Amino acid sequence: MKFPLLIVGLFSAMLGVAQPAPVAQTPPMGWSSYMALQPQSLENEVRINADYMAQTLSAHGWQFVLVDYSWAYPNPPEDNGGNPNQSRLANGDYVPLLNMDAHGRLLPDPRKFPSSKDGQGLRPLASYLHGLGLKFGLHVMRGIPRQAVRAKTPILGTDGITADQIADTVNVCPWLNHMYGVDMRKPGAQEYYNSLLELYGQWNVDYIKFDDMGQPGNPSVYHKEEVEAVRKAIDELRRPIIFSVAYAQPFDNSDHLRQHANLFRISNDAVTNWEQLKKQFDYGAQWSTVASAGHWPDADRLPLGWRPKRNVPGEAFTDAEQRTRLTLWCMLKSPLMLDGNLPDCTPFAASLLTNDEGLAVNQEATNPRQLSRTDDLAIWVSDAPDGQTKNVALFNLSNESRPVTLTLSDVGIPKKANIRDVWGKAYKGQFKKTFTHQLGPHDAVLLRVAPVQ
């Protein structure tokens, strides 16, 4: 018999069992090392970005620092980007070898993360971030290292089960070949994921992004059994950890994701050009319906206000497109994960990222939804905490300047309203029935619309 979670929680409380605090009650706000540092992230560079966040952004709600992929890969210092795949020698060995413990669990490369020496892992980095008042996030790949399978490493918590006995060698990530999938039907499979989360718990990780749970451009692939395995491992750990899933589409997976994950990517990467950004309006209109405390649709990272630090191709969005991007992410209540080298942030982007009124739309609003979409003009609305005021975003997705008109009755305001430009920090005045705003190409305005009795 399965007891409702509330009853289970009451029994646990009566028995004195500590309950983990609920996580992601609002969309997480933070920074990812992905584009700034690529797969050769260096610890000192992560710390520099964390220092910037602590000094400039944390007072406005930004708090997560996410070390992105391939932190176990021994990149040479001159490596300037690209997915760092392994090769295989004629004898079957993999090169280069990833840093790994005796139980097939990846460890940080000591050249890139010097504080990890002597078996400390990423715990010293976590301690540094926590000392700044920030939280530590970690990107990991689904599955078990191929080199662990070749070495037949024993699975922690089992009686002699080895990596080769649980590997699903058919399911290899198409863009990074370090891992095999895990066949969750096999004895020892859950214990392997439990051992991973035990290790990350020892490192004091607050946020884990599991990649390759789905495949970009292939919506038929969704590794639901491994999503469930991570959820079970986190629950077994009994430590508050945010669980982020990439990739998550299609929308048919939304019920399963809400049951098991806190954050779930709603699209392929949406970061390199305007057409990809424009497509997020279609995804967002669908996924906004499942946004709720502890469960947020993830529209991908935010490359605002900088070029990448490494010598790799980067994003070049105009100021208007950056405003559009952040406005949609706030209205959708997506996690806000910045990308790029934070100290290079432009004054314009910094003005957005420290605008508490705008960020409150992401953190505090409810019932986000697309109100209308016609001829590349879109209107989004959400409800402010007072129950009467509306957050309204007007978008011009076309390539020419266009007027966008809001009909007040469409957002539940029958008479008059005071309207404020949130990003511009300026009152527009009092309006009856309609409000029209001229928007440049690819631009947006975020409004606070308060009824006047």
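**Figure 1. Burial and overall dimensions of the protein chain.** In this predicted model, buried residues account for 55% of the 453 residues in the protein chain. The accessible surface amounts to about 18700 Å², and carbon and sulfur atoms contribute 51% of that surface. Along the principal axes, the C-alpha trace extends over about 75 × 60 × 40 Å. The radius of gyration of the protein chain is 23 Å, which agrees with the value near 22 Å that a compact globule of 453 residues would have. The secondary structure comprises 13 helices and 23 strands. Of the contacts in the protein chain with a separation of 6 or more, 71% involve residues 24 or more positions apart.

**Figure 2. Packing of helix α11 against helix α13.** Two packed helices are described by the angle between their axes and the distance between the axes. Helix α11 covers residues 319–332 and helix α13 covers residues 356–364. Their axes lie 6 Å apart and form an angle of about 40°. Angles under 35 degrees would count as roughly parallel and those from 65 to 115 as roughly perpendicular; α11 and α13 are therefore oblique to each other. On the α11 side, the contact is formed by Trp-329, Cys-330 and Met-331; on the α13 side, Gly-358, Val-361 and Asn-362 take part.

Figure 3. Thr-318 is located in the loop between β14 (296–298) and α11. Thr-318 has a relative accessible area of 41% and is therefore partly exposed. Pro-335 lies 17 residues from Thr-318 along the chain, and the C-alpha atoms of the two residues are separated by 22 Å.

**Figure 4. Ser-70 and Pro-77 in the loop between β2 and β3.** Ser-70 belongs to the loop between β2 (64–67) and β3 (87–88), and Pro-77 is placed in the loop between β2 and β3 as well. Ser-70 has a relative accessibility of 10% and therefore counts as buried, whereas Pro-77 is exposed, with a relative accessible area of 63%. Apart from neighbours within four places in sequence, the contacts of Ser-70 are Pro-39, Asn-75, Pro-84, Lys-112, Leu-176 and His-178. Pro-77 and Arg-111 are 34 residues apart along the chain, and their C-alpha atoms are separated by 9.2 Å.

**Figure 5. Pro-96 and Asn-99 in the loop between β4 and α4.** Val-95 and Pro-96 are joined by a cis peptide bond with an omega of about -10°. Pro-96 is situated in the loop between β4 and α4. Asn-99 is likewise found in the loop between β4 (94–95) and α4 (123–131). The relative accessible area of Asn-99 is 27%, so Asn-99 is partly exposed. When residues up to four places away in sequence are not counted, Asn-99 touches Ala-72, Arg-105, Leu-106, Leu-107, Pro-108, Asp-109 and Pro-110. Met-53 lies 46 residues from Asn-99 along the chain, and a distance of 29 Å separates their C-alpha atoms.

**Figure 6. The cis peptide bond between Ala-246 and Tyr-247.** The peptide bond that joins Ala-246 and Tyr-247 is cis, with an omega of about 0°. Tyr-247 is located in the loop between β12 (242–245) and α9 (254–260).

Figure 7. Ala-24 is not a glycine, yet its phi is positive, at about 50°. Ala-24 is placed in the loop between α1 (5–14) and β1 (29–32). With a relative accessible area of 10%, Ala-24 is buried. Asn-367, although not a glycine, also has a positive phi, of about 55°. Asn-367 is part of strand β16, which covers residues 366–374. The relative accessibility of Asn-367 is 43%, and Asn-367 therefore counts as partly exposed.

Technical notes: Residues are numbered from 1 along each chain as its sequence is written. This is a predicted model: local features need pLDDT of at least 70, side-chain atom pairs count only at pLDDT 80 or more; totals for chains, interfaces and linings use all residues. Side-chain values use heavy atoms; hydrogens and water are left out. Axes are lines fitted to C-alpha atoms, for helices over the stretch in contact, and angles run from 0 to 180 degrees between N-to-C directions. Helices (H or I, at least four residues) and strands (E, at least two) are DSSP runs, numbered from the N terminus. Angles under 35 degrees count as roughly parallel, over 145 as roughly antiparallel, 65 to 115 as roughly perpendicular and the rest as oblique. Contact means heavy atoms within 4.5 Å. The radius of gyration is taken over C-alpha atoms; the globule rule is 2.2 Å times the number of residues to the power 0.38. Buried means under 20% relative accessible area, exposed over 50%, partly exposed in between (1.4 Å probe, protein chains only). Accessible areas come from the Shrake-Rupley method with a 1.4 Å probe; for residues, only the protein chains shown count as cover.
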